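Keep the structure open beside you as you read.

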Amino acid sequence: MNNNLLKGKRGIIFGALDDKSIAWKVAEHAHREGAKFVLTNAPIALRMGTIDKLAEATNSKVIPADATNMDDLDHLFTESMKVLDGKIDFVLHSIGMSVNVRKGNPYYNQNYDFTIKGLDVSALSFHKVMQAAWNLDAMNEWGSIVGLSYIAAQRVFHTYNDMADNKAVLESIARSFGYHYGVRRNVRVNTISQSPTLTTAGSGVKGFDVFYRYSDDLAPLGNADAEECAAYTITLFSDYTKKVTMQNLFHDGGFSFMGMSEESMSNYLNSSKK
Ligand SMILES: NC(=O)c1ccc[n+]([C@@H]2O[C@H](COP(=O)([O-])OP(=O)(O)OC[C@H]3O[C@@H](n4cnc5c(N)ncnc54)[C@H](O)[C@@H]3O)[C@@H](O)[C@H]2O)c1
């Protein structure tokens with residue numbers, strides 16, 4: 001699809017690690033829709049990942065930035081405005097990482113140094129990105145900033161661990177900064193609460209396969225994949241959603257409002273003890 005929805009818009013896309021990443025798909029869609037943008041990721045991820053391929057395919061520049069580091073973010077916004085020749089219209093924050101999850105520490109036995117690191121990377125970085133943009137007055141009027149969340153912010157998914165708390169903070173930051181940025185520059189800030197998606201971050205969660213199947217069975221439209229998430233994100237960057245702000249928007253095939261479905265019921269009946 002190419003409807004020139006983002007023609008003339010300039011963006012910054014955080015978090016494309018490999019071609020499974022949600023941010024990767026967003027970059028491909030944004031390119032097709034006529035946007036120009038800078039790609040960014042943490043320096044270590046740039047060494048491990050394959051972002052150069054994406055940069056070439058989308059004719060974009062890669063500028064490294066650790067999203068927890070204000071100096072890196074200041075440099076990123078300053079350079080991006082030079083490279084793109086103007087202020088920024090859209091920002092995608094597609095970043096998440098829990099050290100407790102990686103190390104296999106359960107929720108009730110966290111290492112708090114790891115907890116604080118995960119909070120910084122997964123949630124506070126969203127605030128830092130916006131504060132860096134704010135201080136440089138880097139966003140254009142009616143710009144759009146999107147972060148990616150998961151329904152574990154509202155409901156318990158027992159192995160999602162401290163990422164659940166990180167997502168709750170992320171969503172709260174979207175509301176609070178959305179207020180301030182709306183008043184100052186008519187910039188909107190939203191989070192998309194996405195279905196389980198087969199990516200590096202997603203499959204790091206213990207029991208991911210079962211979460212995936214469970215929500216796929218329950219959601220009347222099935223899970224949304226990374227391509228579909230990217231398409232939805234593009235609408236939020238476009239001028240068709242100018243008055244949508246401070247929202248957590250579920251993009252999950254209807255899962256968030258389901259209780260029981262015929263398919264889940266039959267799975268349960270087949271497996272339940274007599
Ligand atoms: N995959 C899922 O099931 C799922 C579901 C809902 C929401 N999300 C969210 O979507 C977002 C993107 O994740 P994904 O699934 O595409 O996985 P991914 O692993 O491809 O992307 C995560 C990205 O975060 C980046 N990152 C980590 N630390 C960073 C730092 N300090 N500075 C800058 N970047 C850093 C990684 O390098 C990586 O590119 C995350 O916020 C994730 O929590 C994912």
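Predicted model: local features only at pLDDT ≥ 70, side-chain atom pairs only at ≥ 80, totals over all residues.

Two strands count as paired here if DSSP finds at least two bridges between them.

Isoleucine 13 stands opposite leucine 92 in β4. Phenylalanine 14, also of interest here, lies in strand β1. Is Phe14 buried or exposed? It has 25 other C-beta atoms within 10 Å, so it counts as buried. Phe14 and Leu92 are 78 residues apart in sequence, yet their C-alpha atoms are 5.8 Å apart in space. Leaving out residues up to four places away in sequence, Phe14 touches Ala23, Thr40, Asn41, Ala67, Leu92, His93, Ser94 and Ile95.

Ala23 deserves a look of its own. Setting aside its neighbours within four places in sequence, Ala23 is in contact with Ile13, Phe14, Gly15, Ala16, Leu92 and Ser94. It also turns up in the largest nonpolar core, which has 59 residues; Ile13, Ala16, Ala23, Ala27 and Ala133 have the most contacts inside it. Which helix gives this core its largest share? That is α6 (residues 112-135), with seven residues. There is also a second, separate core of nine residues, and its members include Ala153, Met163, Ala164 and Val205.

Next, move along the sheet to β5 and β6. These two strands run parallel and are joined by six bridges, and serine 149 stands opposite serine 193 in β6. Where does β6 sit relative to everything else? Seven of the seven residues of β6 (residues 188-194) are buried, so the strand is largely enclosed by the rest of the structure. In a regular strand the side chains alternate between the two faces of the sheet. In β6, Arg188, Asn190, Ile192 and Gln194 point one way, while Val189, Thr191 and Ser193 point the other, and all are buried.

Isoleucine 151 is in the loop between β5 and α7 (162-185), and it is buried, with 21 other C-beta atoms within 10 Å. Not counting residues up to four places away in sequence, Ile151 touches Ser193, Asp252 and Ser256. Ser256 is 105 residues away from Ile151 along the chain, but 7.4 Å separates their C-alpha atoms.

Two backbone angles are worth a stop. Most residues other than glycine have a negative phi. Tryptophan 142, in strand β5, has a positive phi, near 65°. With 13 C-beta neighbours inside 10 Å, Trp142 counts as partly exposed. Methionine 246 also has a positive phi, of about 65°, although it is not a glycine. You'll find Met246 in the loop between α10 (226-237) and β7, and it is partly exposed too, with 17 other C-beta atoms within 10 Å.

In α9 (residues 208-218), Phe211, Ser215 and Leu218 are buried. Why do they line one face of the helix? Looking down the axis of α9, its buried residues fall within an arc of 65°, so they share one face. That buried set packs against α11 (262-271). Turned away from the buried side, the other face carries the exposed residues Asp209 and Val210.

Finally, the ligand. It is surrounded by 27 residues, the closest being Ser21, Ala45, Gly96, Ala201 and Gly202. By class, this shell has 14 nonpolar, 12 polar and one charged residues. Three elements, α1 (22-32), β5 (139-149) and α8 (200-203), each supply at least two residues of the shell. Which of them gives the largest share? That would be α8, with three residues.

Definitions and conventions: Residues numbered from 1 in each chain as written. Near = placed C-beta within 6 Å. Helix = DSSP H or I, 4+ residues; strand = E, 2+ residues; numbered from the N terminus. Nonpolar A, V, L, I, M, F, W, Y, C, P; charged D, E, K, R; others polar. Buried ≥ 20, exposed ≤ 12 C-beta atoms within 10 Å, placed from the backbone. Arc of directions from axis to C-beta. Contact = placed C-beta atoms within 7 Å. Core = buried A, V, L, I, M, F, W, Y, C linked by C-beta atoms within 7 Å.
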